[in-house]
Amino acid sequence: MDRRALDEAVGLLARTRLERVPFAGFPPRCAPAREAEGYEIQAALHRRLSGRLGPIAGYKIGCTTKVMQDYLGIDHPCSGGVFGRTVHRSPVSLPYDGWCRVGVECEIAVTLGRDLDPERAPYDRQRVAAAVDGCMAAIEIVDDRYVDYASLDAETLIADDFFGAGCVLGEPVRDWQTLDLAAVVGAMEVNEREAGRGTGAAVLGHPLDALALLANEAAGRGATLVAGTFVLTGSIVQTHWLQPGDRVVCRLDGLGEAALTVEP
């Protein structure tokens, strides 16, 4: 994209994030025409917002499960970043008015103990497993900050981190190798009532296959997934939109739980 179009696109998304002004879509003059341009806008948005929201501390992969692909009408995974000041340790209470329309998803997250760099690509499940330091239960916080998200294409959603608004992380499990991550059952409860259930196998067959996909996508851009960051591998349940005062708990067998309360 040319510099003027890129700057305009980033400015529109930054205003939506910081001022919670619902986003109606890009005007044609700065709309991404290909997914590569969506990621170009995303990277520039990360640079623009890092001073306010902190540097990128982790990554998210969206649409890795059929339930989410069907829900959003997008048939392939897409990735985004997670700003450091939007990462919270469980349990946490956050104000409801901090978002436009807040939702939650139940995920298996991994932390990296060593770099996944382009020089070692391509990656597969076994190769990325050697870099995983821990696994944990996670709640991804998503925000419907759009006038009509169903009208937006994948390129536009990629540019805006695919609804990303942060996360709540549980305690890392270091001996995760004793678990079959594909068989892990996760359930999301809202106000002590189950709101969704799924297994790790829903995530591209295995959560580490999602991590390999992300590492290879980053390598294709010459980028490294660095040690110390985390990755949200994708929701095993459909997004649940919250009301003021709701309490959410995501529990995953062998991986503990993550809890969030949204204060009225």
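So, a cavity here is a set of points on a 1 Å grid over the protein atoms alone where a 1.4 Å probe fits but cannot get out. Grid points are joined across faces, edges and corners, and a volume is the space filled by probe spheres set on the points.

Quick housekeeping. What you see is a predicted model, so local features need pLDDT of at least 70 and side-chain atom pairs count only at pLDDT 80 or more, while totals for chains, interfaces and linings use all residues. Residues are numbered from 1 along each chain as its sequence is written, and side-chain values use heavy atoms, with hydrogens and water left out.

Okay, the cavity. Searching the whole structure turns up one cavity of 30 Å³ or more, and the largest cavity holds about 140 Å³ of space. Who lines it? The lining has 18 residues, with Met68, Leu72, Glu105, Phe162 and Thr239 nearest the centre; a lining residue has an atom within 4 Å of a point. By class, that's ten nonpolar, four polar and four charged residues. Here Ala, Val, Leu, Ile, Met, Phe, Trp, Tyr, Cys and Pro are nonpolar, Asp, Glu, Lys and Arg are charged, and the others, Gly among them, are polar.

Elements that each give at least two lining residues are β1 (56-62), α3 (66-72), β5 (102-112), β6 (132-143) and β10 (230-235). Helices (H or I, at least four residues) and strands (E, at least two) are DSSP runs, numbered from the N terminus.

Ser90 to Pro91 is a cis peptide bond, omega near -5°, and Pro91 sits in the loop between β3 (87-89) and β4 (92-95). Ala121 and Pro122 are also joined by a cis bond, with omega about 5°; Pro122 is in the loop between β5 and α4 (125-129).

Asp161 has phi near 60°, in the loop between α5 (154-159) and β7 (164-169). Glu192, at about 70°, is in the loop between β8 (185-190) and β9 (193-199). Buried or exposed? Asp161 is buried, at 0% relative accessible area, whereas Glu192 is exposed, at 77%. The cut-offs, with a 1.4 Å probe and protein chains only: buried is under 20%, exposed over 50%, partly exposed in between.

α1 (residues 3-19) and α2 (residues 35-53) pack at about 50°, axes 9 Å apart. Axes are lines fitted to C-alpha atoms over the stretch in contact, with angles from 0 to 180 degrees between N-to-C directions. Roughly parallel is under 35 degrees, roughly antiparallel over 145, roughly perpendicular 65 to 115, and the rest oblique, so α1 and α2 are oblique to each other. Their crossing is right-handed, meaning the near helix is turned clockwise from the far one by less than a right angle.

Definitions and conventions: 1 Å grid on protein atoms, 1.4 Å probe; cavity = no way out; pocket = protein on both sides within 12 Å on 5 of 7 lines; lining within 4 Å.
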